[in-house]
Amino acid sequence: MRVLDSHTGGEPTRLVMKGGPDLGDGPLDQRLQRFKGSFDAFRSAIVNEPRGSDTVVGALLCKPHREDCDFGVLYFNNVGYLGMCGHGTIGVVVSLAHAGMLKPGEIKIDTPVGAVHARLLADGSVTIANVPSFRKARAVSVDVPGLGRVTGDVAWGGNWFYLMEWASAPIELRHVEQLTDVSWRVRQAVNAQGFPEVDHVELMTPSHSHSEKRGRNFVLCPGRAYDRSPCGTGTSAKLACLAADGHLQEGEEWTQESVLGSVFTASYRWLDRAAGTIAPEITGTAFVTAEAKLLLDPADPFCWGIRS
Ligand code: PYC
């Protein structure tokens, strides 16, 4: 398999350009089901150790189904599949440009959860117009063993998030073990107490520090790896909450920092104010780190990756 590796704000993406599973034609959500049902070993071979790591998000480049799209992409990680991936889309666009398949300008990418517009800017940064995002539930309280009662919002930004303010320790790399442990326990409690669909937990700097229209986050992904980037879908979910609370107006810029300090800038416009649905835009940068060929040797006992 031919791959291009990149990172977006520190979070890796591995784009499979050639040699991935043949998932046939049809809408991308159907091809995703085929990937899951018949070719899951490829997912593990591409992103898991020994070729990858828990943090790698895979992106399989394929033909689009929607006629107005230029490319199709399916996203996956160490434990399964993602509807959309913001940092991944920025990495894909920069990788396609690196491969000479794109010039600065607009493209449209077909994904299982909808079409995503992206714009490669002359300075190499990428703006993505993510899928419609919204807050599903406000101030959901759950009892978390060892932590007590916590309150947060449930929102969709292309993946499902539970977003919760976190003030007990700075959102910094030196606290990553604690942040991971807390987020994992919160996720289990949220899943058990009414929101089984939530697979990402986003800890946020408290809203009283939002006057500068800037926040820092820690996002725990479904496979227990934390997002090194500010998380494109998580930032979209955050924008939906800020918009619903009136804390960020249409067109205003929001700066989202990751636990590493890497940055996305973001804004939104209303799609349906009464329903609370927004169209988020996220801008970030990515860098290509490798052009590689993945070798799959059937004699290798870990040919299909180390799976937990
Ligand atoms: O950027 O949307 C994102 C994302 C999801 C999981 C990891 N990154």
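S236 counts as buried, at 0% relative accessibility. Here, buried means under 20% relative accessible area, exposed over 50%, and partly exposed in between, with a 1.4 Å probe and protein chains only. The model is predicted, so local features need pLDDT of at least 70 and side-chain atom pairs count only at pLDDT 80 or more, while totals for chains, interfaces and linings use all residues. Residues are numbered from 1 along each chain as its sequence is written, and side-chain values use heavy atoms, with hydrogens and water left out.

S236 lies in helix α5 (residues 232–245). Helices (H or I, at least four residues) and strands (E, at least two) are DSSP runs, numbered from the N terminus. Residues up to four places away in sequence aside, S236 touches N130, S133, G157, I278, P280 and I282. Contact means heavy atoms within 4.5 Å.

V198 is placed in the loop between α4 (176–192) and β12 (200–204). V198 and V182 stand 16 residues apart in sequence; their C-alpha atoms are 15 Å apart in space.

Aromatic pairs were examined next. A pair of aromatic rings is described by the distance of the centres and the angle of the planes. Rings of Phe, Tyr and Trp (its six-membered ring) pair if their centres lie within 6.5 Å; planes under 30 degrees apart count as stacked, over 60 as edge-to-face and the rest as tilted. Nine aromatic pairs are found in a search of the whole structure. F35 and Y81 form an edge-to-face pair, because their ring centres are 5.1 Å apart and their planes meet at 65°. This pair links distant parts of the chain: F35 belongs to helix α1 (residues 28–38) and Y81 to strand β5 (residues 81–82), 46 residues apart. F35 is buried at 0% relative accessibility. Y81 is buried as well, at 16% relative accessible area. Ring pairs join F35, F76 and Y81 in a cluster.

F218 and Y226 make a stacked pair, with 5.6 Å from centre to centre and 25° between the planes. F218 is buried at 0% relative accessibility, and Y226 is buried at 14%.

Charges also sit over rings. The criterion is NZ of Lys or CZ of Arg within 6 Å of the ring centre and within 35 degrees of the ring normal. R228 lies over the face of Y226, 3.8 Å from the ring centre. K136 lies over the face of W160, 5.4 Å from the ring centre.
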